[in-house]
Amino acid sequence: MLGEILHILAAAIISWILFVTVDIFFKLPETGGVSGASAIARDIEAGGGALAGGTMMGNIVCSPDASAGTLLAACGVYVAGIPGGLAAALMVFIGNRICHDPGYAGTTGAVLATFVVYAFTLVGFAATDFIAGMVIAILTIQGLSHTHASRLLARLWRVRQ
Amino acid sequence: MIALYVVAAIAVFAAIRAIIEKNTGRKLPYANVLNFAVAGALVLLLDHPLSLVAAAAYFVGSTLESNAIASTYAGGVKR
């Protein structure tokens with residue numbers, strides 16, 4: 001039981017690093033993909049947060065990004081191994097097009113996460129650890145403190161620039 | 001089994017935060033966490049290959065709804 005909890009926490013850290021790296025690589029904090037993402041960014045900034053971090057959080061809300069890719073890839077690996085993860089990547093790609101997102105952060109994140117999750121299943125992790133881990137990872141960004149999360153993302157974005 | 005409880009607890013927490021938050025722009029990220037948790041819980045609960053399709057369909061659909069609410073909140077299409 002304790003082992004499973006530690007696996008979930010480790011999976012949360014791995015998922016967090018994976019999706020934040022891919023999202024920042026694909027410049028999600030730069031501009032809002034749709035007008036709604038910019039509106040969310042403005043509200044987060046008005047609440048004391050940073051605009052660049054808020055823009056990335058708005059983009060995460062408005063279209064499946066690398067975090068959604070990681071979650072669905074983990075679900076895919078749990079259901080059907082690597083083919084399941086790649087099927088999830090295809091569904092994220094379709095989801096991006098439905099949501100008027102011209103980017104490839106979600107699809108790239110899903111493909112990368114498929115292989116990362118599969119590799120960890122070979123060393124004792126379960127794919128379910130990554131499903132719960134990714135939900136914890138998104139909670140830390142979107143669900144605890146928008147002010148602190150957006151400032152942290154803005155700091156990482158400045159490093160990228 | 002613990003994974004399911006973790007995901008369910010986060011879903012309830014996110015739902016409460018989304019209800020309490022008054023500002024629409026800051027409410028949507030909490031709803032986003034709820035969508036993640038529900039999509040994860042779907043796959044953990046349904047032991048069937050098509051649960052992946054159900055989770056992806058739910059997730060993309062709810063994301064599109066958030067997108068539509070946020071864009072309407074931002075002022076909608078300018079004519």
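**Packing within and between two helical chains**

Modeller: The buried residues of helix 2 of chain A pack against helix 3 (51–62) and helix 7 (146–160) of chain A, and also against helix 2 and helix 3 of chain B. The model is a predicted one.

Biologist: Why is helix 2 of chain A called largely enclosed?

Modeller: A residue counts as buried when 20 or more other C-beta atoms lie within 10 Å of its own. By that cut-off 9 of the 12 residues of helix 2 of chain A are buried, so this helix is largely enclosed by the rest of the structure. Among the buried residues are Gly36(A), Ala37(A), Ile40(A) and Ile44(A), and the list also includes Asp43(A) and Glu45(A).

Biologist: What makes the phi of Lys27(A) worth a remark?

Modeller: Most residues other than glycine have a negative phi. Lys27(A) is not a glycine, yet its phi is positive, near 60°. Lys27(A) sits in the loop between helix 1 (2–25) and helix 2 of chain A. His100(A), which is not a glycine either, also has a positive phi of about 60°, and its place is the loop between helix 4 and helix 5 (105–121) of chain A.

Biologist: Why do Lys27(A) and His100(A) count as partly exposed?

Modeller: The class lies between the two cut-offs, with 20 or more neighbours meaning buried and 12 or fewer meaning exposed. Lys27(A) has 16 C-beta neighbours inside 10 Å and therefore counts as partly exposed. His100(A) has 13 other C-beta atoms within 10 Å, so His100(A) is partly exposed as well.

Biologist: How do you know that the overall size of chain A agrees with a compact globule?

Modeller: For 161 residues, a compact globule would have a radius of gyration near 15 Å, and because chain A has 15 Å, the two agree. Taken along the principal axes, the C-alpha atoms of chain A fill a box of roughly 45 × 35 × 25 Å, and 63% of its 161 residues count as buried. Chain A holds 7 helices and 0 strands.

Biologist: Why is helix 6 of chain A called largely enclosed?

Modeller: Of its 17 residues, 16 are buried, so helix 6 of chain A is largely enclosed by the rest of the structure. The length of helix 6 (residues 127–143) also fits the expectation, because 24 Å should be spanned at 1.5 Å a residue and its end C-alpha atoms are 23 Å apart.

Biologist: Which residues touch the most other members of the largest nonpolar core?

Modeller: This core has 84 residues, and those with the most contacts to other members are Leu72(A), Ala74(A), Cys75(A), Ala88(A), Ile131(A), Val135(A) and Val7(B). Helix 4 (residues 66–98) of chain A gives the largest share of the core, 15 residues. Leaving aside residues up to four places away in sequence, Val7(B) touches Ile131(A), Ala132(A) and Val135(A) in chain A, and Ala37(B), Gly40(B), Ala41(B) and Leu44(B) in chain B.

Biologist: How many residues does each chain bring to the contact between chain B and chain A?

Modeller: Chain B brings 37 residues and chain A brings 47 residues. On the side of chain B, the elements that give two or more residues are helix 1 (2–20), helix 2 (24–45) and helix 3 (51–73) of chain B. By class, that side has 25 nonpolar, 10 polar and 2 charged residues.

Conventions: Residues numbered from 1 in each chain as written. Chains lettered and ligands numbered in written order. Predicted model: local features only at pLDDT ≥ 70, side-chain atom pairs only at ≥ 80, totals over all residues. Helix = DSSP H or I, 4+ residues; strand = E, 2+ residues; numbered from the N terminus. Expected span 1.5 Å × (residues − 1). Contact = placed C-beta atoms within 7 Å. Nonpolar A, V, L, I, M, F, W, Y, C, P; charged D, E, K, R; others polar. Core = buried A, V, L, I, M, F, W, Y, C linked by C-beta atoms within 7 Å. Rg over C-alpha atoms; globule rule 2.2 N^0.38 Å.
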